[in-house]
Amino acid sequence: MAPLLEVADLKVHFRTDDGVVQAVDGISYSVQPGQTLGIVGESGSGKSVSSMTVMGLTRSPKSDISGTVTFDGRDLLSASNEELRKVRGNDIAMIFQDPLSSLHPFYKIGKQLMEAVRTHRDVSKAQARDRAVEMLGLVGIPEPRRRIDSYPHEFSGGMRQRVMIAMALMNDPKLLIADEPTTALDVTVQAQILKLIKKLQTELGTAVVMITHDLGVVADVADEIAVMYAGRIVEHADKRTLFDAPRHPYTWGLLRSIPRLDTARDHVLVPIPGRPPSLITKPSGCAFNPRCVYATPESRTTDPVLLPTAPGSGHLVACTLSEEQRASTWKGIVGGEDPA
Amino acid sequence: MTALIEVRDLVKEFPIRGEMFTRRGAGTVRAVGGVSFDVMEGETFGLVGESGCGKSTTARLMTRLLDPTSGTINFRGTDIASLSRKQLKPVRREMQMIFQDPYSSLNPRKTVGSIIAEPFLIHEVEKDEKARKTRVQSLMETVGLNPEHYNRLPHEFSGGQRQRIGIARAIALEPKLIVADEPVSALDVSIQAQVLNLLRDLQRDMGLTLVFIAHDLSVVRYMCDRVAVMYAGEIVELGESDQLYTAPTHEYTKQLLAAVPGQSTH
């Protein structure tokens, strides 16, 4: 099956007064139709910039973009702004973290929802309105026929995010990019929204790229997970493998530094020392090496590339340690030995 | 174990502003609707709930950054709920706060050294400048900052380091009680654990009593001995961490726990 979205060796560099920010530094991934890819990383890891670039939202005289982004057989990086406008909100839709600033405060949500359809399709106002009511109902807004004439401020945060999802789905997109869609929401509302995204995906067959800093969120919704650090993907695996047999020291660090509900209470968190590097002057060798307790002299000089853990495996890791070393180190960590 | 602070029937109502120029005092909103709890000496007590549940207001009432509408706050034998600003000054030495946002809670124009030294100046202890500098630098060391960075400004530090500055300031006077309001929620995932472990170590080493407020249930469980769950201005459940997390009794607690993401793996 041909992938719906294929990103290859994507680089996004921004020229600033302080130097060139290597926000995204050569990443590759693909998303199959109907699949969910979770992209996990901290602030500044490049997770949002890479997805915004797919939509053509980082184009600027100050940015250098290279690589290829192929969506449904079309090259999006070389597409004109005119062509991109036809794709955005139609074939690819995006939802953002803050649902309040993504909605226009001055217009009723019905008008904003209808605009989403009428921009791309030749439909009557009445048809667009029917579609808006239908989508509002689908995302669980009670009394959609009445609420369509409400303003954004009349909705709660969770309800606004539902409206954003309804808007994103107005044109039956093939791909939905969700950038921290639940970060601004309370935990019970977050659970509802994640459930909704999952349900819609099953019913409508939309592929989803879920961008988040929260491993718990991707654990709930993603089929595959890519972990980003300093503008690169450092590990990519299916969800089960990533949680059961992670192979990158940064992924280990993340897993060990997050408190969980199901571990013993006296289980002590092991933080990752230091902090993420500057994207202008990255460390030589592996970008993670200054914070990595397993770093070797080689990781200070060799910049590791993303490679399969075994020939033909879908589990990809960018680390200079050998697979045997990584496997035994992780086994030691799980077994309670702490070589750190 | 004795209680360090006993809160009884604490209420806070805020006036609702009417439309401009028209109705004044359109009524009140009850942010905290009569909560009662004890915080034991040396324990970490968690307040957990969603936005708007009144947990931050409760924290600010306990430290008397806000005036309660009614109720009592018995801190080491004195009801501090109705004390005047002047009467509160000696009490403030004993209780300090750590805030969520390490950017807005530090004066951007002051050096780290003078930010951490401020409690000494306000409470007129460690008056000798040299001795004060030594104290401040040892505090910086305690919280994992480089004492040589004494003369730097807050903007030169990352979020996690700024939170350490806030912690150093809070422990400067060796208070009995620290109230930490969402101290890690503005930090990156890989930095959160550093700050959580620092707070745990300080709590153990200094015999601190810690009130820890957060919306993240896993973080609260990691930190706290006992936890109170707040909903709509009231405590709906209060219990030992282990019990509350394994056998919640209140329907809302159950909902909260079920909503924590990531439980499907492992």
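**Figure 1. Helix α7 of chain A is largely enclosed by the rest of the structure in this predicted model, because 10 of its 12 residues are buried.** The helix comprises residues 157-168 of chain A and reaches 16 Å from its first C-alpha to its last, close to the 16 Å expected at 1.5 Å a residue. The buried positions are Met159(A), Arg160(A), Gln161(A), Arg162(A), Val163(A), Met164(A), Ile165(A), Ala166(A), Met167(A) and Ala168(A). Their cover includes the helices α3 (99-102), α4 (109-120), α5 (125-138) and α8 (187-204) of chain A. The strands β6 (92-95) and β7 (175-179) of chain A also belong to this cover.

**Figure 2. Chain A is shown as a whole, with its 13 helices and 12 strands.** A compact globule of 340 residues would have a radius of gyration near 20 Å, and the 21 Å of chain A agrees with this value. The C-alpha trace spans about 65 × 50 × 40 Å along its principal axes. Of the 340 residues of chain A, 44% count as buried. For contacts in chain A with a separation of 6 or more, 62% are accounted for by residues 24 or more positions apart.

**Figure 3. Asp214(A) occupies the loop between β8 (207-212) and α9 (215-221) of chain A.** Because 20 other C-beta atoms lie within 10 Å, Asp214(A) is buried; the cut-off for this class is 20 or more. From Asp214(A) to Ala237(A) the C-alpha to C-alpha distance is 16 Å, for a separation of 23 residues in sequence.

**Figure 4. Helix α11 of chain A, residues 249-257, contains buried residues that pack against elements of chain A and also against α6 of chain B.** The buried residues of the helix are Pro249(A), Tyr250(A), Thr251(A), Trp252(A), Gly253(A) and Leu254(A). On the side of chain A, their packing partners are α9, β9 (224-229), β10 (232-238), α10 (239-244) and α13 (323-334).

**Figure 5. The contact between the two chains takes 30 residues from chain A and 32 residues from chain B.** On chain B, the elements that give two or more residues to the side touching chain A are α6 (189-206), α7 (217-223), α8 (241-246) and α9 (251-259). The largest share of that side, 8 residues, comes from α6(B). By residue class, the side of chain B that touches chain A divides into 12 nonpolar, 16 polar and 4 charged residues. The model has an ipTM of 0.81 and a pTM of 0.87.

**Figure 6. Chain B is shown as a whole, with its 9 helices and 10 strands.** Its radius of gyration is 19 Å, close to the 18 Å that the globule rule gives for 266 residues, so chain B is as compact as a globular protein of that length. Taken along the principal axes, the C-alpha atoms of chain B fill a box of roughly 55 × 55 × 45 Å. Buried residues make up 41% of the 266 residues. Among contacts in chain B between residues at least 6 apart in sequence, those joining residues at least 24 apart amount to 67%. The mean pLDDT of chain B is 91, and 95% of its residues reach 70 or more.

**Figure 7. The largest nonpolar core has 168 residues, and Ala168(B) is one of those with the most contacts inside it.** With residues up to four places away in sequence left out, Ala168(B) touches Ile116(B), Leu139(B), Met140(B), Val143(B) and Leu145(B). In soluble globular proteins, nonpolar side chains tend to be buried together.

**Figure 8. Glu174(B) has a positive phi of about 45°, and Glu182(B) has one of about 50°.** Most residues other than glycine have a negative phi. Glu174(B) is placed in the loop between α5 (159-171) and β7 (177-181) of chain B. Because Glu174(B) has 11 C-beta neighbours inside 10 Å, this residue counts as exposed. Glu182(B) is found in the loop between β7 and α6 of chain B. With 19 C-beta neighbours inside 10 Å, Glu182(B) counts as partly exposed.

Conventions
Residues are numbered from 1 along each chain as its sequence is written. Chains are lettered from A and ligands numbered from 1 in the order in which they are written. This is a predicted model: local features need pLDDT of at least 70, side-chain atom pairs count only at pLDDT 80 or more; totals for chains, interfaces and linings use all residues. Two residues are in contact if their C-beta atoms, placed from the backbone, lie within 7 Å. Helices (H or I, at least four residues) and strands (E, at least two) are DSSP runs, numbered from the N terminus. Ala, Val, Leu, Ile, Met, Phe, Trp, Tyr, Cys and Pro count as nonpolar, Asp, Glu, Lys and Arg as charged, and the others, Gly among them, as polar. The radius of gyration is taken over C-alpha atoms; the globule rule is 2.2 Å times the number of residues to the power 0.38. pLDDT is the predictor's confidence in each residue, from 0 to 100. A nonpolar core is a set of buried Ala, Val, Leu, Ile, Met, Phe, Trp, Tyr and Cys residues joined through C-beta atoms within 7 Å. The expected span of a helix is 1.5 Å times one less than its number of residues.
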